[in-house]
Amino acid sequence: MSLDTLNPVAGKASNRLAVIDADLHPQDTMDDFKPYLAQRWWDHVQTYGVRPRSGLLAGSNFPKGQPMAARRDSWPKSGGLPGSDLQLMQEQFLDYYDVDYGILNYLQPTGQGIQNNELSVALAHAINDCHFDRWISRDSRLKSSIRSEEHTSELQSHHDLVCRL
């Protein structure tokens, strides 16, 4: 990383273009999704795990030399994974670089590619609702992509969530 990228923006110019990061990665855990999952699905995950369609993935699919493909200073001092702390994201990125909008995209878990399609739909809904409560509702600069299950023919509408975004 060059030193130029570490210098904060001097200030907003009246004719400056908006800064939008369309690929910002929050990181939530399965425990964060628990309040948004029916007990049936929480029990299922605790008993069987998520069981992705791709059996070739063991551990993180990110470069092993750089855990979570994250900047070394993005690990919260309080513990947790990079992208799991809103205050740190605000300080290190949104405020520091004067970002107008950040579009959140999950890396994992996403609810996609799970062998059990019903669980996949339930997780996608849980992730969307959790995403709204933990991120979108707490900072107006954050916007969201929406998770949906990719292997079912039935459209699982999330009209109320889309309206809030």
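Contact here means heavy atoms within 4.5 Å. The model shown in these views is predicted.

**Figure 1. Overview of the chain and its contacts.** The chain holds 5 helices and 3 strands. Along the sequence they run in the pattern β-α-α-α-β-α-β-α. Take contacts between residues at least 6 apart in sequence: 74% of them join residues at least 24 apart. Of the 165 residues, 35% are buried. The accessible surface of the chain is about 10100 Å². Carbon and sulfur atoms account for 53% of that surface.

**Figure 2. Strand pairing around E2.** Strand E1 covers residues 20–24 and pairs with E2 in the parallel sense. This pairing runs over 3 bridges. Ile-20 stands opposite Tyr-101 of E2. E2 also pairs with strand E3, residues 142–144. That pairing is parallel too, over 3 bridges. Here Gly-102 has Leu-142 of E3 as its bridge partner.

**Figure 3. The two faces of strand E2.** E2 spans residues 101–104. Gly-102 and Leu-104 make up its covered face. Tyr-101 and Ile-103 make up the uncovered one. In a regular strand, side chains alternate between the two faces of the sheet. Tyr-101, on the uncovered face, is the residue opposite Ile-20.

**Figure 4. Packing of helices H2 and H4.** H2 spans residues 39–48, and H4 spans residues 117–134. The two helices pack at an angle of about 115°, and their axes lie 11 Å apart. Angles of 65 to 115 degrees count as roughly perpendicular, so H2 is roughly perpendicular to H4. Their crossing is left-handed. On the H2 side, the contact is made by Arg-40, Trp-41, His-44 and Val-45. On the H4 side, Glu-118, Leu-119 and Ala-122 take part.

Figure 5. Arg-134 lies in helix H4. Its relative accessibility is 23%. Buried means under 20% and exposed means over 50%, so Arg-134 counts as partly exposed. Set aside its neighbours within four places in sequence. Arg-134 is then in contact with Gln-27, Asp-28, Asp-32, Ser-84 and Leu-86. Pro-26 is 108 residues from Arg-134 in sequence. In space, the two are 9.7 Å apart, C-alpha to C-alpha.

Terms used:
Residues are numbered from 1 along each chain as its sequence is written. This is a predicted model: local features need pLDDT of at least 70, side-chain atom pairs count only at pLDDT 80 or more; totals for chains, interfaces and linings use all residues. Side-chain values use heavy atoms; hydrogens and water are left out. Buried means under 20% relative accessible area, exposed over 50%, partly exposed in between (1.4 Å probe, protein chains only). Helices (H or I, at least four residues) and strands (E, at least two) are DSSP runs, numbered from the N terminus. Two strands pair if DSSP finds at least two bridges between them. Accessible areas come from the Shrake-Rupley method with a 1.4 Å probe; for residues, only the protein chains shown count as cover. Axes are lines fitted to C-alpha atoms, for helices over the stretch in contact, and angles run from 0 to 180 degrees between N-to-C directions. Angles under 35 degrees count as roughly parallel, over 145 as roughly antiparallel, 65 to 115 as roughly perpendicular and the rest as oblique. A crossing is left-handed if the near helix is turned anticlockwise from the far one by less than a right angle, and right-handed if clockwise.
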